[in-house]
Amino acid sequence: IVRMAQPSKAAPGRPPDKGSFPLDHRAECKEAMEAYMGCMRESGMESLRCRKQAAAYLTCRMEHNLMAKEELDDLGLRNLDSAKAGMAATSEGRLPQQRGFIAGLERVQAVKSQSARAAGSDGASPGG
């Protein structure tokens with residue numbers, strides 16, 4: 001007797017955090033997508049080097065109602081004009097993600113620093 005393998009039950013899927021991401025059936029953003037993918041191939045899949053192309057692609061998708069309209073800052077694409085944004089190398093020549101970069105950590109540290117300065121300026125002297 002030959003038994004057929006029983007299909008395993010897959011875990012239920014989880015919808016994307018940002019909702020649906022419809023396909024571009026009319027190729028309205030094909031040029032922007034190809035520019036982004038070309039950049040990714042040329043950069044060895046270093047997405048930080050292709051931020052401007054990613055922004056252009058996402059902007060095109062938003063303009064053609066292929067995704068919800070959002071600020072590029074909210075999509076992690078702020079400071080696109082800054083030469084340092086996402087490209088700052090350490091003295092060893094490594095990119096932030098290669099040295100254990102943690103997204104948002106700089107912002108948390110800045111908020112903590114502001115809070116500490118504000119606490120120190122309410123008239124309380126550190127030495128008593």
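Analyst: Happy to. With the bonded cysteines of the protein chain numbered in sequence order, the pairing reads 1-4, 2-3. This is a predicted model, and it holds two disulfides.

Let's take the pair Cys29 and Cys60 to begin with. Their disulfide has an S to S distance of 2.1 Å. The two cysteines bring together distant parts of the chain, as Cys29 sits in the segment before H1 and Cys60 in helix H2, 31 residues apart. The torsion about the S-S bond of Cys29 and Cys60 is about -95 degrees, so this disulfide is left-handed. Both Cys29 and Cys60 are buried.

The other disulfide is formed by Cys39 and Cys50, with sulfur atoms 2.1 Å apart. Here, too, distant parts of the chain are linked: Cys39 belongs to helix H1, while Cys50 lies in the loop between H1 and H2, eleven residues apart. The link of Cys39 and Cys50 is left-handed, with -90 degrees about the S-S bond. Cys39 has a relative accessible area of 11% and is therefore buried. Cys50 also counts as buried, because its relative accessibility is 0%.

Now for the helix itself. H1 covers residues 30–42, which makes 13 residues. From its first C-alpha to its last it reaches 18 Å, close to the 18 Å expected at 1.5 Å a residue. Cys39 is one of the buried residues of H1, and the others are Ala32, Tyr36, Gly38 and Met40. Helix H2 (51–63) is included in what covers these buried residues. Just after H1, Gly44 takes a positive phi of about 70 degrees.

H1 also carries a charged pair. The structure holds one salt bridge, and it is formed by Lys30 and Glu34, whose closest N and O atoms are 4.0 Å apart. Why does the spacing of Lys30 and Glu34 amount to about one helical turn? Because they are four residues apart in helix H1. In general, an α-helix has 3.6 residues a turn, so residues three or four places apart point the same way. Lys30 counts as partly exposed because its relative accessibility is 43%, and Glu34 counts as partly exposed at 43% as well.

How values were computed: Residues are numbered from 1 along each chain as its sequence is written. This is a predicted model: local features need pLDDT of at least 70, side-chain atom pairs count only at pLDDT 80 or more; totals for chains, interfaces and linings use all residues. Side-chain values use heavy atoms; hydrogens and water are left out. The expected span of a helix is 1.5 Å times one less than its number of residues. Buried means under 20% relative accessible area, exposed over 50%, partly exposed in between (1.4 Å probe, protein chains only). Contact means heavy atoms within 4.5 Å. A salt bridge is a side-chain nitrogen of Lys or Arg within 4 Å of a carboxyl oxygen of Asp or Glu. A disulfide is a pair of cysteine sulfur atoms within 2.5 Å.
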